[in-house]
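This report describes the fold of a protein chain and some of the contacts within it. Please consult the sequence and the model alongside the text.

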Amino acid sequence: MRFELKCRDDVKSAPDGASNPLLTVKDPLPPLCPVHGVPEIERVRTWVTTSRKVRHTRGQIRILGTEAGAQASTWRARAQHVPRHISFDVPMCAHCVRVDRVARWAIKLFLCAGLFCLLAVVNMAIIGLGREHPGVATLLVFGAILVPTPAIFVRQMRQGWWGFEAPIDGSALVVAYAHPNFVAETERRRGR
């Protein structure tokens, strides 16, 4: 499912000749969960950022086409890439709300555990136990692994669970795994 984009109203427009990196969806998403196709319970604000990708997903190839996708994957296209941030509201059903809450708690838990490990290492270094204590290296490794983990959770929620993607040129928002009810409601709204 493909959604057209527009510049966000709450930011100033880009200077002449420059592309605006802050975008939103032109038509709001219908009040159905894109994953399960049931009526929404609440909406959550989220965003997708285009990045320098060598490979494109199926949804991006559908939009770009194989030839344009190959051209966008060249070194020159990736070097000239300006990241675009697409922010929009996601309708969520009861199941998605529960998954989102569990994911948010997991994010907080991993971040706190990682910061605790890193603070323990700093504390041991200040006290002077760093050279004698064998657990310092272990705490440092666990802290370095656990602190960036929330970013992986957030990306997995947006692109894995909800299936939102954006081609490298930021021309559209793609719902890769849209439920048939969601697609039918979107087409019905566009037909009006």
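## Basis of the model

The structure is a predicted model, in which local features need pLDDT of at least 70 and side-chain atom pairs count only at pLDDT 80 or more, while totals for chains, interfaces and linings use all residues. Residues are numbered from 1 along each chain as its sequence is written, and side-chain values use heavy atoms, with hydrogens and water left out.

## Overall architecture

The protein chain comprises seven helices and six strands. Helices (H or I, at least four residues) and strands (E, at least two) are DSSP runs, numbered from the N terminus. In sequence order, the pattern is β-β-β-α-α-α-β-α-α-α-β-β-α.

Of the 192 residues in the protein chain, 36% are buried. Buried denotes under 20% relative accessible area, exposed over 50%, and partly exposed in between (1.4 Å probe, protein chains only). Among contacts with a separation of 6 or more, 74% join residues 24 or more positions apart; a contact requires heavy atoms within 4.5 Å.

Helix 5 (residues 135–146) has twelve residues, which at 1.5 Å a residue should span 16 Å; the end C-alpha atoms are 16 Å apart, in agreement. The expected span is 1.5 Å times one less than the number of residues. Gly-135, Val-136, Gly-143 and Leu-146 are the buried residues mentioned for helix 5. Viewed down the axis of helix 5, its buried residues fall within an arc of 105 degrees, so they line one face of the helix. The arc is taken from the directions from the helix axis to the C-beta atoms.

Leu-118 belongs to helix 4 (residues 94–127) and is partly exposed at 27% relative accessibility. Apart from residues up to four places away in sequence, Leu-118 touches Leu-140, Gly-143, Ala-144 and Val-147.

## Helix 7

Helix 7 (residues 180–191) also has its length described: its twelve residues reach 16 Å from first C-alpha to last, close to the 16 Å expected at 1.5 Å a residue. Phe-182, Glu-185 and Thr-186 are the buried residues of helix 7. They cover an arc of only 100 degrees around the axis, which puts them on the same side of helix 7. An α-helix has 3.6 residues a turn, so residues three or four places apart point the same way.

The buried residues of helix 7 pack against strand 1 and strand 6 (172–175). On the face turned away from this buried side, helix 7 carries the exposed residues Pro-180 and Gly-191.

Thr-24, in strand 2, is buried at 12% relative accessibility. Its side chain reaches the backbone oxygen of Ser-87 at 2.7 Å. Beyond residues up to four places away in sequence, Thr-24 touches Glu-4, Leu-5, Lys-6, Cys-7, Arg-8, Arg-45, Ile-86, Ser-87 and Phe-88.

Arg-8 occupies the loop between strand 1 (2–7) and strand 2. Its contacts, leaving aside neighbours within four places in sequence, are with Leu-22, Leu-23, Thr-24 and Ser-87. Arg-8 and Val-25 are 17 residues apart in sequence, with their C-alpha atoms 8.6 Å apart.

## His-36

His-36 is placed in the loop between strand 2 (22–25) and strand 3 (42–49). It is partly exposed, with a relative accessible area of 27%. Neighbours within four places aside, His-36 is in contact with Cys-93, His-95, Cys-96, Trp-161 and His-179. The C-alpha atoms of His-36 and His-95 are separated by 8.6 Å, at 59 residues apart along the chain.

## Aromatic rings

There are two aromatic pairs, counted where ring centres of Phe, Tyr or Trp (its six-membered ring) lie within 6.5 Å; planes under 30 degrees apart are stacked, over 60 edge-to-face and the rest tilted. One of them is the edge-to-face pair of Phe-88 and Phe-164, at 4.9 Å centre to centre and 75 degrees between the planes. This pair links distant parts of the chain, since Phe-88 is in strand 4 (residues 85–92) and Phe-164 in strand 5 (residues 164–165), 76 residues apart. Phe-88 is buried at 2% relative accessibility, and Phe-164 is buried at 0% relative accessible area.

Lys-108 lies over the face of Trp-105, at 5.1 Å from the ring centre, and Arg-190 lies over the face of Phe-3, at 5.2 Å from the ring centre. A charge sits over a ring if NZ of Lys or CZ of Arg is within 6 Å of the ring centre and within 35 degrees of the ring normal.

Definitions and conventions
Polar contact = N/O pair within 3.5 Å; in protein donor to acceptor, adjacent residues only side chain to side chain.
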